[in-house]
Amino acid sequence: MEKHIHGGDVYHHQGCIDFSANCNPLGTPEGIKKAIIESLEHINDYPQVGCTPLKKAIAEYENTKPDQVICGNGAAEVIFSLCRAVNPRRALVPAPTFAEYQQALYSVDCQVEFFLLNGKKRFVLEENFLQALTEEIDIIFLCNPNNPTGLLVEKPLLEKILKRCQELNILMAVDECFLDFVPSPEKYTLKEYLETYDNLFLLKAFTKRYAMAGVRLGYGLCGNKGLLEKIEGVCQPWNVSSMAQSAGLAALQEREYVEKGRQVTFQELAYLKEELTALGYPVYPSQANYVFFTGPADLYEKLEQKKILIRDCSNYTGLSKGYYRVAVKKHEENQQLVRALKEIDRTKVENVIL
């Protein structure tokens, strides 16, 4: 298995402005920090097994039922636990997409088939994906909007895929972690099908929405109670700390903060796209809180020298050197990124991927 590579490695890049991890540009709310501090009064006690109060709060927030919620030590743990519970033999995963899906699948010795998205068509998932769904496939993972491209799969296609998966007895896992930063998330979420499709599993996280990646708190939504019981059966005991549970309960009260972060994201996403395009970088129509674009092979190193950290996407299956992702941050930080790019040799345009 390849070495785990991820954005947000600020520990080896001291003093850099981190554009490699995509979290709410407003930073962590003070209410969450306060809740974590107050939770330290119970640091001597084991966390509450089952996360019952948190599940109830999540269900209210998501307009689902508490018994349709499962919590984990970040969305990544939920992904790995899902794979352990299902123990699939063969999976289908688009490429490029979030690397943790294949890592989790490989951890249970699952054979992973990659559905390579066409770069000339901007890596859009199209109807031909339906033809790749066969009886041999046990599970598929989709990310909507996709990471790292930021592109959305339209709901009519998602519905066709879901129906096809049900016919073939394929579990469909859809990562909706970045839907919080889409203008109309209700147009894309599949939550309404949790009751009627027992082969649907949705992934969510507090990480991006509330800028609390270090706390590690994620959850899944599923109407298949038998599957949720299997997942809970393979999770380690007390997998969600008391601090994370307290942080989650506090975070779900931060509705004004979430909306403000969304509005900042919409404004700054447009700004970054415009500036990068003006500088000659081919920019993809990302619709999340990050921008996907192409540039010279040494852009990562050049920006690192200027104390700016971006995500080199060359380790994603289906991508090569020259693909990059930058998070949407506050305007002052985005301006610093643009200034640094302007300082870089203009000959970069000759080397970009077309």
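Glu 62 is buried, with a relative accessible area of 3%; buried means under 20% relative accessible area, exposed over 50%, and partly exposed in between (1.4 Å probe, protein chains only). The model is predicted: local features need pLDDT of at least 70, side-chain atom pairs count only at pLDDT 80 or more, and totals for chains, interfaces and linings use all residues. Residues are numbered from 1 along each chain as its sequence is written, and side-chain values use heavy atoms, with hydrogens and water left out.

Glu 62 forms a salt bridge with Arg 209, the closest N and O atoms being 3.7 Å apart. A salt bridge here is a side-chain nitrogen of Lys or Arg within 4 Å of a carboxyl oxygen of Asp or Glu. This pair connects distant parts of the chain, with Glu 62 in helix 2 and Arg 209 in helix 6 (residues 206-210), 147 residues apart. Helices (H or I, at least four residues) and strands (E, at least two) are DSSP runs, numbered from the N terminus. Arg 209 is buried, as is Glu 62.

The side chain of Glu 62 also meets that of Lys 191 in a salt bridge, at 2.8 Å from N to O. This pair too links distant parts of the chain: Lys 191 is in the loop between strand 6 (171-175) and strand 7 (200-205), 129 residues from Glu 62. Lys 191 counts as partly exposed, at 23% relative accessibility.

The whole structure has 19 salt bridges.

Another of them joins the side chains of Lys 65 and Glu 195, at 2.9 Å from N to O. Lys 65 is in the loop between helix 2 and strand 2 (69-72), and Glu 195 is in the loop between strand 6 and strand 7, so this pair links distant parts of the chain, 130 residues apart. Lys 65 is partly exposed at 41% relative accessibility, and Glu 195 is exposed at 52%.

Phe 178 is found in the loop between strand 6 and strand 7. Its relative accessibility is 4%, which counts as buried. Leaving aside neighbours within four places in sequence, Phe 178 is in contact (heavy atoms within 4.5 Å) with Asn 22, Pro 145, Asn 147, Lys 208, Ala 288, Asn 289 and Tyr 290. The C-alpha atoms of Phe 178 and Pro 145 are separated by 6.2 Å, and the two residues are 33 apart along the chain.

## Positive phi values

Most residues other than glycine have a negative phi, and most peptide bonds are trans. Asp 109 has a positive phi, near 60 degrees. Asp 109 is placed in the loop between helix 4 (99-106) and strand 4 (111-116) and is exposed, at 72% relative accessibility.

Lys 307, also not a glycine, has a positive phi of about 65 degrees. Lys 307 is in the loop between helix 10 (299-305) and strand 10 (308-309). At 44% relative accessibility, Lys 307 is partly exposed.

## Packing of helix 3 and helix 7

Helix 3 (residues 75-86) and helix 7 (residues 225-234) pack at an angle of about 105 degrees, and their axes are 8 Å apart. Axes are lines fitted to C-alpha atoms, for helices over the stretch in contact, and angles run from 0 to 180 degrees between N-to-C directions. The two helices are therefore roughly perpendicular, a class that covers 65 to 115 degrees (under 35 is roughly parallel, over 145 roughly antiparallel, the rest oblique).

On the helix 3 side, Ser 81, Leu 82, Arg 84, Ala 85 and Val 86 meet residues of helix 7, namely Leu 227, Lys 230, Ile 231 and Val 234.

## A nonpolar surface patch

Ile 37, Leu 40 and Ile 43 form a nonpolar patch on the surface, with about 310 Å² of accessible area together. Patches are made of residues with over 30% relative accessible area and no salt bridge; like charges are joined within 9 Å, and nonpolar side chains (Val, Leu, Ile, Met, Phe, Trp, Tyr) within 5 Å. Accessible areas come from the Shrake-Rupley method with a 1.4 Å probe, and for residues only the protein chains shown count as cover.

Ile 43 lies in the loop between helix 1 (30-39) and helix 2 (52-62). Ile 43 is exposed, with a relative accessible area of 59%.
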